[in-house]
Amino acid sequence: MYILDKLNEGKCIRFEKRLSVPPVTYLIVPVVSVILVLLLGGLFLALLGYNPVEIYGILLNGAFGNTYNFTETIVHAIPLMLTGLGVSLAFKMGLWNIGAEGQLYFGAFMATGVALFFHDLPTPLMLTLVLTAGFLGGALWGFVPAALKVFIGVNETLTTLLLNYVAILWVDYFIFGPWKDPKGFLPYSKVFPQSAMLPVYPGTRIHAGLILAILAAIILWIIIWKTTWGYEIRLIGENTQVARTAGINIAKNMLLVMIISGGLAGLAGMGEVCGIIGRLQHNISPGYGYTAIIIAWLSRLNPLVILLVAIIFGGLNNGGYALQMVGLPESIVTMLQGAILLFVLGGDILTQYRIKIHRRGCGV
Amino acid sequence: MEMVTLLTATLHAAIISATPILYAALGEIFAERSGVLNLGVEGIMLVGAATGFYTAVNSQSLLLGILATVAVSLLFGLIFSFITITLRASQVVTGLVLTIFGTGLSAFLGKSMIGQASPVIFHKIPVPVLSKIPILGHVLFNHDMLVYVLYLLVPLSWFVIYRTREGLNLRAVGENPAAADALGINVFAVRYFYVCLGSMFAGLAGAYLSLAYAPSWLENMSAGRGWIAIVLVIFATWNPVRAALGALIFGGVDVLGFKFQARGIGISPYFMRMLPYLITIIVLIIITARSQMAKNLMPKALTIPYDREER
């Protein structure tokens, strides 16, 4: 029992557990969290000798200040959307896929392989192939931990995480070694043929990955909420034992969900190399796969909300680059993003309680 | 003779390599024994490394560096405890986010220190007499202070967990918090204490990296050692002595990779650097497949928040 007695005036105030949580509290907690984080962050900046209002101004302007900055924010949001959607599907089923970062890298690796080795294919065929390769690369990187989990019982949190490091080193091996552009000094692969590049919206860097992300969000929403399969996924996530008793094939579902989850992250990697950079290089992701975890959780695993939160977070990432001009590392953005979720996680318990005032004392 | 020199050097390096992993693993053993899975280890290590280095560089004092590391990692332990123990949020998510946050904070703190050298670092202090023993002397007794402290911490941790009343309370809280509560043990206090203790160990693991192992600051310098430590805890079945043996094996693998490379064995350095992660995964597969032991010895209440209203 968690009681606050206030016996003076004969009143009693106490926290009581709610039987059902009104939906509006789901909005209040994140909003209050963002405000608190901005205040605390401001204090932190002030202590370091910066003017918080000015810094937040630069951040906001860098993210949404003008049309160009906004389009760049969307560019940063695309991989966040795809990876966020990917991990959210796995989380929905209670599978801790922390491997979106590695799945992104492996998707980019596979797409690069296709783009470099089938360079004389016609555009439609080439695009189909890089898309498929990107998805399959991520899917493979998701399938391995899923298979280990299903057939042996190995904890997927740790395997997906450790495979991130492996995937990044794997890509490093190729761009420093066999795939290094012989004409270049830097660890880059050769430039992709134009046929392997995703269409972009004229005048911006926004590429077709955005359409993929929106489609994926809609399809995931329909699957999760409107199909029997989605019901199975939700049931497994809420109570594996009940799901098993109900005759749901858990192994099949886990494998399938991790293939899709990894595949979406793989598409994000494909989008980075085939949509923006046009070649494979070191550091294609500044931790999109990790930010995705925060986005998925903040969005309460709702695919449509993920699109929105990804734009906000993409804006933070994009605005972060503007901060470098005033000598602040962009890692402050990672801190803000993490802190927001920490507050939301902590604040969630408050939604389960309400304050009740008993006018005639605690005995009532 | 050359064989002996090589073996001595390898074992000596293996202990150095094992040290940060073992610090983190010992800390995680304490936290998990109390029923709390702290996945923030990797992040706390990084913050500990950055804080320790930053303070040591600016104060020119090793002691202040270590104290700052301990203080900041204690703060992280308190934040993690408050969110997961008092507010009962998911330990897995909170730990992951703490790692992300810590990675960001350490990169932020460390930005100005990239490429700098610290005026004070942990130097090797050969133990008088003991370090003169052939082979073993160099392998075991030619290290820095943090390694020697670890020599004491391993048996001490074992003793505390298995042979003292505090250890019994700790295990009771991790196995069955409701029963421990009924016996008058303050479940929340025990969990707070050991999570914070574990967090400080993780911070020290980081300080070892930046002030003894490297010694310098590099972004993301822990390179997954925090995660390897978490696997090591399972491998060690939550036993500090087994953790020490496991850490030595991991350290040995790490060093062999380097030695092979130095000898020009034609495997790409990128594949060699994958080895620790791949071996960790293989170890995880083997312990999961081979025995129910890990499952049976796992603290029963691990990852489950304790709620007195749901007793």
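Student: Leaving aside neighbours within four places in sequence, which residues is Leu85(A) in contact with?
Tutor: This is a predicted model. In it, Leu85(A) is in contact with Ala213(A), Ala216(A), Ala217(A), Leu220(A), Leu264(A), Pro303(A) and Ile306(A).

Student: Where is the place of Leu85(A)?
Tutor: In helix H3 of chain A, residues 67-92.

Student: Is Leu85(A) buried or exposed?
Tutor: Buried. There are 33 other C-beta atoms within 10 Å of Leu85(A), and 20 or more is enough to count as buried.

Student: What separates the C-alpha atoms of Leu85(A) and Thr67(A)?
Tutor: They are separated by 26 Å. Along the chain the two residues are 18 apart.

Student: Let's switch to helix packing. At what angle do H8(A) and H10(A) pack?
Tutor: About 105°, with the axes 11 Å apart. H8 covers residues 228-238 and H10 covers residues 250-277, both of chain A. The two helices are therefore roughly perpendicular to each other.

Student: Which residues meet there, H8(A) against H10(A)?
Tutor: H8(A) brings Glu232(A), Ile233(A) and Ile236(A). H10(A) brings Ile250(A), Asn253(A) and Val257(A). By class, that contact has 4 nonpolar, 1 polar and 1 charged residues.

Student: What comes in the loop between H10 and H11 of chain A?
Tutor: Asn283(A) has its place in that loop. Asn283(A) is not a glycine, yet its phi is positive, about 60°. Most residues other than glycine have a negative phi.

Student: And is Asn283(A) buried or exposed?
Tutor: Exposed, because Asn283(A) has 10 C-beta neighbours inside 10 Å and 12 or fewer counts as exposed.

Student: On to H11(A). How many of its residues are buried?
Tutor: 11 of the 11, so H11(A) is largely enclosed by the rest of the structure. Among them are Tyr288(A), Tyr290(A), Ile293(A), Ile294(A), Ile295(A), Trp297(A) and Leu298(A). Gly289(A) and Thr291(A) are buried too.

Student: What happens just after H11(A)?
Tutor: Arg300(A) takes a positive phi there, about 50°.

Student: Now the interface. How many residues of chain A are in contact with chain B?
Tutor: 37 residues of chain A, against 36 residues of chain B. On the chain A side, H5 (123-152), H6 (156-176), H11 (288-298) and H13 (331-351) each supply at least two residues. H13(A) gives the largest share, 12 residues.

Student: How many nonpolar residues are on that side of chain A?
Tutor: 25. The side of chain A that touches chain B also has 9 polar and 3 charged residues.

Student: Which ipTM and pTM does the model score?
Tutor: ipTM 0.89 and pTM 0.91.

Student: What is the mean pLDDT of chain A?
Tutor: 89, with 94% of the residues of chain A at 70 or more. Chain B averages 90, and 96% of its residues score at least 70.

Student: Where does pLDDT stay under 50 in chain A?
Tutor: Over residues 1-7. The model has 12 contacts beyond four places in sequence for that stretch. Where pLDDT is low, the predicted coordinates should not be read in detail.

Student: Back to whole chains. How many helices and strands does chain A have?
Tutor: 13 helices and 3 strands. The C-alpha atoms of chain A fill a box of roughly 85 × 60 × 35 Å along the principal axes. Buried residues make up 47% of its 364 residues. Of the chain A contacts between residues at least 6 apart in sequence, 77% join residues at least 24 apart.

Student: How many helices and strands in chain B?
Tutor: 13 helices and 2 strands. Chain B has a radius of gyration of 20 Å, close to the 19 Å of the globule rule for 311 residues, so chain B is as compact as a globular protein of that length. The box for its C-alpha atoms is roughly 65 × 45 × 40 Å. In chain B, 48% of the residues count as buried.

Student: Last one. Where is Val129(B) found?
Tutor: In the loop between strand S1 (125-126) and helix H5 (136-141) of chain B. Phi of Val129(B) is positive, near 65°. Val129(B) is exposed, with 9 other C-beta atoms within 10 Å.

Key
Residues numbered from 1 in each chain as written. Chains lettered and ligands numbered in written order. Predicted model: local features only at pLDDT ≥ 70, side-chain atom pairs only at ≥ 80, totals over all residues. Contact = placed C-beta atoms within 7 Å. Helix = DSSP H or I, 4+ residues; strand = E, 2+ residues; numbered from the N terminus. Nonpolar A, V, L, I, M, F, W, Y, C, P; charged D, E, K, R; others polar. Axes fitted to C-alpha atoms, helices over the stretch in contact; angles between N-to-C directions. Parallel < 35°, antiparallel > 145°, perpendicular 65-115°, else oblique. pLDDT = per-residue confidence, 0-100. Rg over C-alpha atoms; globule rule 2.2 N^0.38 Å.
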